[in-house]
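Hello,

Here is the structure I promised to pass on. Please open it alongside this message.

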Amino acid sequence: MAISRFGRQAKRSYGFCVKITAVAVLGLCFILIWSFFSSSSSSVASQRSTFGEFSESVSANSEIPSHKKEPRKDQVSEEDKKSKFESDLAEKDKKRVNGSHSFVSVGEHKKDDNTDLAKKDEEKNRGSVGSDDKKLQKEEGEEEEEEVNEKEEEEAVDGEGKANEESEGDGELVDGDQEAVETVEDESGGSKSRGKKKKEMGPLFDPKAHYSWKLCITRSKHNYVPCIDMESAGGRMQSYRHHERSCPKTPPMCLVPLPQEGYGTPVKWPESKLKVLYKNVAHPKLAAFVKSQSWVVESGEYLTFPPNQTELKGGIMHYLESIEEMVPDIEWGKNIRIVLEIGCTDSSFAATLLEKDVLTLTLGLKDDLVDLAQVALERGFPTVVSHFQNKRLPFPSGVFDAIHCGECRILWHSNGGKLLLEMNRLLRPGGYFILSTQHDSIEAEEAMTTLTASICWNILAHKTDEIGEVGVKIYQKPESNDIYELRRKNHPPLCKENENPDATWYVPIKSCLDTIPSAIEQRGNEWPAEWPKRLDTFPEWITDREKLIADTEHWKAIVDKSYLKGMDIDWSNIRNIMDMKAINGGFAAALTQQNVWVMNVVPMHAPNTLPIIFERGLLGIYHDWCESFGTYPRSYDLLHADHLFSRLKNRCKQPVAIVVEMDRLLRPGGWAILRDKVEILDPLEGIFRTLHWEIRMTYNQDKEGLMCVQKTPWRP
């Protein structure tokens with residue numbers, strides 16, 4: 001209206017002056033608006049550039065001004081920031097926050113482009129959960145692609161090469177007034193805009209929620225493993241522990257009780273290799289089992305494990321030496337670094353190999369009624385609990401150097417040999433399958449021979465040890481596809497090209513053989529470097545090795561100058577560690593000089609970086625944190641969660657159930673280190689307080705924070 005009025009006035013004799021005035025007013029308005037938006041933008045960027053350890057990522061709904069693609073002149077170089085943090089370290093780690101030490105760890109967060117390292121087809125299929133959830137899988141796959149696009153946009157904005165892993169979870173908490181333009185495909189295959197649509201997502205934790213905790217009432221009592229212990233409401237189901245993974249419809253919101261006689265402070269490593277507190281692993285059938293064994297002895301309040309005592313006659317050292325004599329190419333701790341042991345007995349195999357720098361992950365089968373897997377965890381050996389029948393194990397394909405089944409009672413040839421085909425999937429090309437049995441029947445031996453010949457396994461050795469009285473067979477998986485073409489019968493057939501060998505979550509075991517990688521850019525085409533060079537040697541199939549090296553240096557700085565020195569954690573009490581959202585294994589790699597082992601958990605919806613972790617000579621597993629983990633209560637001394645909750649993007653119906661699961665996993669007196677957005681850590685702190693956990697340290701700057709908490713023995 002005003003412009004029209006000025007136009008009419010311009011037609012008069014004095015219209016020229018009015019025109020000049022109108023132009024001046026419009027110009028002034030434009031300058032004021034432009035200065036307001038540019039000052040606001042530079043203010044946000046300034047806040048981000050001053051945060052050394054944490055890097056705030058840009059929301060997917062934020063506009064990206066083109067002028068931000070180049071670094072600003074006022075940005076400080078990474079070297080200057082690092083030296084500044086080092087000089088201020090002594091002052092900052094003595095500040096008091098919430099009555100505890102505040103700490104700023106040194107080291108600039110390097111930009112972790114692990115999404116570029118993971119293949120998109122692996123991300124898409126690995127989280128498959130069956131036909132009923134295909135729609136959910138499609139939506140989650142689209143979210144993964146959006147995350148990759150967000151990350152590329154963040155790199156263009158930052159221009160510094162820093163930032164951190166939480167870019168995977170950015171945009172989880174979106175303000176209600178933010179708008180997103182929704183695009184849909186038209187019939188011609190193009191896309192068109194449907195207009196602006198508000199994208200509203202509530203907070204991860206309900207700010208109005210009040211928590212009143214109670215103990216779980218289950219048959220398993222203090223040994224409750226939710227997704228494996230099948231509880232029967234009628235009370236008639238006596239074999240409730242013998243089932244494949246099947247989780248409750250709603251995640252448990254109760255706390256697992258302590259053992260009836262209480263839980264004592266665990267024996268420190270390495271003394272725990274030889275003895276553990278009996279009451280910490282109490283089980284109704286364990287007492288009778290101990291009396292019938294020679295390798296474990298009840299001694300007062302402890303269970304003791306005499307050195308070199310095992311179920312095998314002649315001792316475990318003799319057994320391992322005989323394997324090396326039969327196959328000289330097997331060099332423990334050099335070319336053999338990662339081993340999977342099927343079935344948990346006396347743990348002597350894993351314990352002895354550990355002295356040779358071999359990491360052995362034991363698969364404790366839930367058929368084991370005396371819970372020897374829990375004993376192994378209490379002693380400080382890597383162990384997971386599962387059931388091995390119809391579903392794939394939650395590991396990538398071709399990652400284990402060797403698989404061992406000692407005193408094996410598994411009928412590998414039954415059910416079409418599916419279980420052995422799963423072993424074939426897990427073994428890396430050229431890997432070894434070591435089988436030892438006593439009193440093997442002629443029929444079973446012939447069936448095993450036929451089965452291994454059909455999958456082209458070469459038998460390297462077959463010997464019955466006179467001292468140990470055990471028959472040992474050592475097989476080797478083929479290193480190329482050529483031998484498959486020479487088979488008379490195409491049974492089992494080769495898997496289809498669209499079959500993803502890394503798809504494991506609730507995926508049935510396939511009755512086919514995965515093809516062996518042949519191209520240099522394919523994972524598994526060559527054997528990893530010998531340990532310990534393997535930790536920092538990245539093969540040709542890893543395309544962005546520079547960023548992996550930067551990620552390793554980043555975590556080494558954080559661990560050395562923050563976790564080991566600045567959090568008052570007594571690391572002599574730490575043995576079992578879980579990284580709840582591992583990416584490339586940088587956190588675990590930084591701890592290799594400590595007397596610890598780390599279970600690297602890669603969430604099933606995250607980019608598939610677990611093969612990289614195994615390639616480096618570290619352990620890991622896939623998992624969906626909307627469900628309970630496959631282990632006993634009180635299994636771990638320390639949990640590490642780096643932007644785990646940001647990564648959820650409201651996938652879980654009850655995110656607080658993850659906190660309950662953390663309480664189940666962690667031993668009384670154990671620690672948890674959490675790095676996340678302040679809007680997530682603030683309510684988490686309140687939840688931990690309702691659990692009577694002690695908040696040992698909190699630190700935050702801008703929108704990112706760090707929190708260290710310690711679990712207490714409190715139970716409701």
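This is a predicted model: local features need pLDDT of at least 70, side-chain atom pairs count only at pLDDT 80 or more; totals for chains, interfaces and linings use all residues.

Three strands form an open sheet in the order β5-β7-β6, and they pair antiparallel. β5 (275–277) and β6 (297–299) are the edge strands; each has a single partner, so one side of each has no neighbour in the sheet. From one strand to the next, the twist averages 30°. β5 and β7 (residues 302–304) are joined by 3 bridges. Opposite Lys275 is Thr304 in β7. Lys275 also lies over the face of Tyr302, 4.3 Å from the ring centre.

**The aromatic rings**

There are 19 aromatic pairs. One is Phe433 with Tyr475: the ring centres are 6.4 Å apart and the planes are at 45°, so this pair is tilted. Phe433 belongs to strand β12 (residues 427–437) and Tyr475 to strand β14 (residues 470–476), so the pair ties together parts 42 residues apart in sequence. Phe433 is buried, at 0% relative accessible area. Tyr475 is buried too, at 2%.

Trp505 and Tyr506 make an edge-to-face pair, because their planes are at 85°, with ring centres 5.5 Å apart. Trp505 is buried at 5% relative accessible area, whereas Tyr506 is partly exposed at 22%.

Which residues form one aromatic cluster? They are Phe388, Trp412, Phe433, Trp457 and Tyr475.

**Another charge over a ring**

Arg575 lies over the face of Trp269, at 3.5 Å from the ring centre.

Best wishes

Terms used:
Residues are numbered from 1 along each chain as its sequence is written. Side-chain values use heavy atoms; hydrogens and water are left out. Two strands pair if DSSP finds at least two bridges between them. Helices (H or I, at least four residues) and strands (E, at least two) are DSSP runs, numbered from the N terminus. Axes are lines fitted to C-alpha atoms, for helices over the stretch in contact, and angles run from 0 to 180 degrees between N-to-C directions. Rings of Phe, Tyr and Trp (its six-membered ring) pair if their centres lie within 6.5 Å; planes under 30 degrees apart count as stacked, over 60 as edge-to-face and the rest as tilted. Buried means under 20% relative accessible area, exposed over 50%, partly exposed in between (1.4 Å probe, protein chains only). A charge sits over a ring if NZ of Lys or CZ of Arg is within 6 Å of the ring centre and within 35 degrees of the ring normal.
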